[in-house]
Amino acid sequence: MLNLARFHGGLHLPNNKELSNQAPLRQASIPKKLVYPLMQRQGVTVDPKIQVGERVLRGQVIAYSDHPLATPVHAASSGVIEAIEERLIPHPSGMADLCIVIATDGLDESLVTQGVADFRSQDPASIRTAIKNAGIVGLGGAAFPTSIKLNPGPQRKLDTLLLNGAECEPYITCDDCLMQNQPESVLVGAQILLHSLHIERCIVAIEDHMKRAYARLTQVVAALNDPRIIVVQVPAIYPTGGEKQLIKVVTGKETPSGGIPADIGVLCVNVGTASAVYDAVCNGKPLTERVITVTGRGVKEPQNRYVRIGTPISELIEQCGGYTEHVERLIMGGPMMGFALPDDEIAVVKATNCILAGTAADINTGKQAMPCIRCGDCAKACPVDLLPQQLYWHSRAGNLDKCKEFSLFDCIECGCCEVVCPSHIPLVQYYRSAKSKVIAKAKEAEKAAVAKRRHDMHLERKAKEQAEKAERARLKKEALAKVKQANAEKEGVTQ
Ligand code: SF4
Ligand code: SF4
């Protein structure tokens, strides 16, 4: 029995999960096209490893890069590479970028792959390599490469694996659905992670309303007879599923500002990621599909589906009965931390956990922002214990140093402050914009430092060349003077 702690702030939100968690988990059909952006997390880009016109098989690597934060992209079905062209990508800015487009052939032919019969016989390095080669990233939404998380460095000692099944955003039920339908893959995935990091304890944390998932998980834990794994139910207070908040609730430990969970001995992994690890290691399957919630009152048949990465959202919505006439906005992610999409031809990526086709009832639209009345409600709601009002003033004034001083980068953009703000100020927009400005300024400063270094080196080189030239001139003059003197002496002797 674990003693649970509480984090500061947070909110009880209407969760609207019943919209999508009543229908059975289904397999989405193969879309006509699969679309893969070459840009990944934090602007890292991968290079195409195929050519237009080439036929590819499911599981084949179609893009890759040696950048440490890059993960390989695998085709999710067989077909022909139709184009490598600019298309809208799922990004809060609504930007376009290069994408690989596969015209699928419906045959769904796969590369032949094989997993390992007994993961316990594998050394940690080969498990990490299998996870890296399978292109696995955090499926909770952050999309951070899992193989990097599994290499915390020699100075950090991990003692707890925390499986995050506390799906705290309203509307989203993909993790709940996965745990109900595939508890074995989640828990064997956890065993693989325990084995690869020599960790002796695993806590699977789920929210207390996930009754069926709790029953299925505890049943499988008993069948596995693994005393290292326990399943705990945590109160449904948004954002309990935030990594740092969940760690606090379950272990009572605080992750230091600017630090990572490994600093306090915890490895926190989403339940979907653990299931993907199982598939990669035991079945040799790369990450080509995931469970996605399609929900909101703007879609006729909300549900969860196994969806191939690269599927255009329009096809997914079509498979869920199409739009209702009241749809107002399409959001990737949940209503709190997701972002609006400009177009439904955009394709799902590994980080896509939910497509919310929202009506006015689902999303907070059109409320007029009013001046801040300094009520302080935002600070009471902030789960990170920040001062959102101050962050707002400084972001608004463009005072980026002050924003940093008030720990702007600790903000998890959960939106709690915005929900409680009686003046309806779009606070998170201000924080996001301030963060991008700080990042852009840092990049500019880095560029300027590189340019200055180049300029200084150029000046040094020039000064050295001039000194060498002057030395050569001096030596030449000296030599000439010697020759002149020798000639003069010679002439004197002759006369
Ligand atoms: S969005 Fe940021 S400032 Fe606002 S409550 Fe969440 S963590 Fe705090
Ligand atoms: S909740 Fe809104 S109005 Fe109140 S202090 Fe915060 S920003 Fe100002």
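Q: How many salt bridges does a search of the whole structure find?
A: The search finds 23 salt bridges. Keep in mind that this is a predicted model.

Q: Which residue does glutamate 82 form a salt bridge with?
A: Glutamate 82 pairs with lysine 33, and their closest N and O atoms are 2.9 Å apart. Glutamate 82 belongs to strand β7 and lysine 33 to strand β2, so the pair ties together parts that are 49 residues apart in sequence.

Q: Why would two such side chains pair at all?
A: Side chains of opposite charge can pair when their charged atoms come close.

Q: Fine. What is the relative accessibility of glutamate 82? And of lysine 33?
A: Glutamate 82 is at 37%, which counts as partly exposed. Lysine 33 is partly exposed too, with a relative accessible area of 29%.

Q: What does arginine 87 meet in a salt bridge?
A: The side chain of arginine 87 meets that of glutamate 85, at 2.8 Å from N to O. Arginine 87 is partly exposed at 22% relative accessibility, and glutamate 85 is partly exposed at 30%.

Q: And lysine 248, what is its salt-bridge partner?
A: Glutamate 254, with 3.0 Å from N to O.

Q: Which residues are linked in a network of salt bridges?
A: Arg58, Asp108, Glu289 and Arg308 are linked in one.

Q: Back to the strands. What is the order in the open sheet of 4 strands?
A: The order is β2-β8-β7-β4, and the pairing is antiparallel. The edges are taken by β2 (33-37) and β4 (55-56); each has a single partner strand, so one side of each has no neighbour in the sheet.

Q: Over how many bridges do β7 and β8 pair?
A: Strand β7, residues 79-88, and strand β8, residues 96-104, pair over 9 bridges in the antiparallel sense. As one of the contacts, valine 80 has alanine 103 in β8 as its bridge partner.

Q: What about β15, over how many bridges does it pair with β17?
A: There are 4 bridges, antiparallel, and β15 covers residues 329-332. Isoleucine 331 has leucine 356 in β17 as its bridge partner.

Q: And how many bridges join β15 to β16?
A: There are 2 bridges, and the two strands run antiparallel, with β16 at residues 339-340. Methionine 332 stands opposite phenylalanine 339 in β16. The hairpin of β15 and β16 has 6 residues between the strands, and glycine 333 in that hairpin takes a positive phi near 100°.

Q: Changing topic: where does ligand 1 sit?
A: Ligand 1 sits in the second largest cavity.

Q: Which residues come nearest to ligand 1?
A: Of the 13 residues around ligand 1, the nearest are Cys382, Cys411, Cys414, Gly415 and Cys417.

Q: How many nonpolar, polar and charged residues does that shell have?
A: The shell around ligand 1 has 11 nonpolar residues, 1 polar and 1 charged.

Q: What follows α10?
A: Glycine 398 follows α10, with a positive phi near 70°.

Q: Which residues of helix α10 are buried?
A: In α10, residues 388-396, the buried ones are Pro388, Gln389, Leu391, Tyr392, His394 and Ser395.

Q: Last one: is the peptide bond from tyrosine 238 to proline 239 cis or trans?
A: That bond is cis, with omega near 0°. Proline 239 is in the loop between β11 (229-234) and α6 (243-251).

Notes:
Residues numbered from 1 in each chain as written. Chains lettered and ligands numbered in written order. Predicted model: local features only at pLDDT ≥ 70, side-chain atom pairs only at ≥ 80, totals over all residues. Heavy atoms only, no water. Near = heavy atom within 4 Å. 1 Å grid on protein atoms, 1.4 Å probe; cavity = no way out; pocket = protein on both sides within 12 Å on 5 of 7 lines; lining within 4 Å. Sits in = over half its atoms within 2 Å of the grid points. Nonpolar A, V, L, I, M, F, W, Y, C, P; charged D, E, K, R; others polar. Pairing = 2+ DSSP bridges. Salt bridge = Lys/Arg side-chain N within 4 Å of Asp/Glu carboxyl O. Buried < 20%, exposed > 50% of the residue type's maximum accessible area, 1.4 Å probe, protein only.
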